[in-house]
Amino acid sequence: MGHIIVLDENTSNKIAAGEVVEKPASVIKELVENSIDAGASNISVDIRNGGISYIKVTDNGSGMEEDDVEIAFERHATSKIKRAEDLDSVITMGFRGEALASIAAVSSVELQTKTAGGTYGMYVHVVGGVFKEVRPAGCPVGTTFIIKDLFFNTPARYKFLKKDATEAGYISDTLSRIALGNPDISFRLTSGKTILVHTPGNNDLKSAIYSIYGKEVISQLMCVEYMDERFKISGYVGKPEAARSNRNYQSLYINKRYIKSRVISYAVEQAYSSMLMKNKFPFFVLNIDINPQLVDANVHPAKMDVRFADESYLSRAVYMAVSKALSSNSLFNPVSVP
Ligand code: ADP
Ligand code: MG
């Protein structure tokens, strides 16, 4: 008799969760991205104990149909792509259909959702991947997820959680980055009565930067606007004197998706060249709009890495965009405070 067995679904979901759900901030990233994909204009997040004991994400997006509320928790269940070819042109934040299955495998999840056309909403409760309750419920249009007791059934992972305040810090950073990429959506993060993040959602990036970084940063911004046949680059870079001693104040987006790219950070820094002192890094919030077919977002589950079809051309464009901002906008034309 052979030794190989196929793992049951509950077990394989628990293993897959390790890829997607590393800490409370990753749960929030996935849920908030789903809210964005659902077309929400208002997304609020409330946490307790750095999200370890409790996370609540509420949106005013499309909501889910009665027939979709259970299948949504299955692995590879998604409404966002239908076939492999669609992967070449994904414009939604999610598309793997893994997040809800993964989160539900390692926590208690309550979902309340209603579509604009539905006569009633639905309530679903899943604990450790097992459905406890599915029933109609009265609720407003949109979706609310409540996640409790993250990693209650994966002690090895639970052990790696940091102090509440540290986890809350990761969440704050995650939500701030998402908010800066989506100035047309109002985001609110609270931990009980404390407001950690609140952006207006008035589609003005400067207002979002103001909400997150405050007045001083705003007075030191220069506007970036650049367009060629392939890219549109827009956002703000900080004046040289506003440079920081690390790269934490750099936010880069490809089609509104927050990413990290050494190559592009480097291209920005090259544009400052001698304007920066050694070991100083410029502040920036930049979005690059690219034809989705020229980027591969399907690289890693955390979806932070992307690959570009022509990286050196893009670096050059970023360099030119920032150089232009630095020379034309420069110190003579400061950005006004909103
Ligand atoms: P993915 O985002 O990759 O499609 P998820 O597991 O994150 O996979 O979500 C599964 C499906 O559940 C989504 O494709 C979507 O149809 C639905 N869904 C999840 N969250 C929301 C939400 N906040 N509003 C509307 N639909 C949602
Ligand atoms: Mg998703």
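**Close-up 1. Handedness of the H2 and H5 crossing.** In this predicted model, helix H2 passes helix H5 in a right-handed crossing, a term used where the near helix is turned clockwise from the far one by less than a right angle, left-handed being the anticlockwise case. Residues are numbered from 1 along each chain as its sequence is written, and chains are lettered from A and ligands numbered from 1 in the order in which they are written. Local features need pLDDT of at least 70 and side-chain atom pairs count only at pLDDT 80 or more, whereas totals for chains, interfaces and linings use all residues.

**Close-up 2. Packing geometry and contact of H2 with H5.** H2 (residues 24-37) and H5 (residues 164-181) pack with their axes 8 Å apart, at an angle of about 25°. The pair is therefore roughly parallel (an angle under 35 degrees). From H2, Pro24, Ala25, Ile28, Lys29 and Val32 meet Glu167, Tyr170, Ile171, Thr174, Leu175 and Ile178 of H5, contact being C-beta atoms, placed from the backbone, within 7 Å. This contact of H2 with H5 comprises 8 nonpolar, 1 polar and 2 charged residues.

**Close-up 3. Packing of H5 against H6.** The axes of H5 and helix H6 (residues 205-213) cross at roughly 165° and come within 9 Å. H5 is therefore roughly antiparallel to H6 (an angle over 145 degrees). Their crossing is left-handed. Ser176, Ala179 and Leu180 of H5 make the contact with Ala208, Ile209 and Ile212 of H6, and the residues of this contact divide into 5 nonpolar, 1 polar and no charged.

Conventions
Axes are lines fitted to C-alpha atoms, for helices over the stretch in contact, and angles run from 0 to 180 degrees between N-to-C directions. Helices (H or I, at least four residues) and strands (E, at least two) are DSSP runs, numbered from the N terminus. Angles under 35 degrees count as roughly parallel, over 145 as roughly antiparallel, 65 to 115 as roughly perpendicular and the rest as oblique. Two residues are in contact if their C-beta atoms, placed from the backbone, lie within 7 Å. Ala, Val, Leu, Ile, Met, Phe, Trp, Tyr, Cys and Pro count as nonpolar, Asp, Glu, Lys and Arg as charged, and the others, Gly among them, as polar.
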